[in-house]
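Let's take a friendly walk through this model together. Please have the sequence and the 3D view open as you read.

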Amino acid sequence: MVQQLDTLQESASQTAGPYVHIGLMPSYTGNGQIYDSELGHSPIEEGAEGEIIEIVGEVIDGTGWTLRDALIESWQPDASGKFAGQEGADPKVSGWCRFAADAETGEFTLRTVKPGKVALRGGGFGAPHISLWVVARGINIGLQTRIYFEDEDNSEDPLLKRIEQRPRVETLIAKKEADGRYRFNIRLQGEGETVFLDI
């Protein structure tokens with residue numbers, strides 16, 4: 001027999017809750033310095049070749065609220081379009097970073113090298129981009145997306161060309177705010193929802 005629960009209300013969802021940060025970025029949560037530095041604290045080392053840029057933004061939910069508990073990982077090639085481990089890749093660029101939104105403002109910052117065009121298997125090149133994985137409260141499975149740049153030629157990128165609703169391509173384009181500084185907001189749903197990838 002199923003118990004009647006007429007007087008009890010469902011608890012608020014905490015799909016990611018504080019555990020994502022405790023497990024992935026312990027010093028961010030105030031749990032002391034477990035590692036010499038956080039794993040993935042920067043995708044580059046001092047002396048990386050290419051233009052050093054800063055990407056700032058927010059993860060925004062369907063109500064327009066900025067998520068202050070978002071955690072993001074990024075993957076990218078170096079300034080010549082080569083990934084770590086490939087022959088000729090910049091040894092100062094791991095290309096991987098793990099960072100969190102500011103707990104007070106909700107704004108995130110990624111300081112990295114601007115990626116180069118990536119050689120495609122069938123020939124040609126994909127536009128410079130950075131891949132992202134986003135987790136936060138209410139997200140049951142991490143979301144995959146990309147950052148492209150408005151001051152690059154994105155017209156022949158194979159992924160962007162496959163987006164049928166052409167106005168949505170703009171949700172993947174970082175806007176230049178100043179030399180070396182871009183803004184890229186991630187909208188989880190609603191008007192201007194970011195394109196997410198099924199990878």
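P128 is buried, with a relative accessible area of 2%; buried means under 20% relative accessible area, exposed over 50% and partly exposed in between, with a 1.4 Å probe and protein chains only. This is a predicted model, in which local features need pLDDT of at least 70 and side-chain atom pairs count only at pLDDT 80 or more, while totals for chains, interfaces and linings use all residues. Residues are numbered from 1 along each chain as its sequence is written, and side-chain values use heavy atoms, with hydrogens and water left out.

You will find P128 in the loop between β6 (125–126) and β7; helices (H or I, at least four residues) and strands (E, at least two) are DSSP runs numbered from the N terminus. Leaving aside neighbours within four places in sequence, P128 is in contact with P115, G116, K117, I147, Y148, F149 and E152, where contact means heavy atoms within 4.5 Å. N154 is 26 residues away from P128 along the chain, and their C-alpha atoms are separated by 8.0 Å.

Beyond its neighbours within four places in sequence, I55 is in contact with residues including F108, L110, I130, I147 and F149.

Strand β8 (residues 143–149) runs parallel to β9 (residues 173–178), joined by two bridges; two strands pair if DSSP finds at least two bridges between them. Y148 has I173 in β9 as its bridge partner. β9 also pairs with β10 (residues 181–183), in the antiparallel sense over three bridges, and here K175 stands opposite R183. The hairpin of β9 and β10 has two residues between the strands, and G180 takes a positive phi near 75 degrees.
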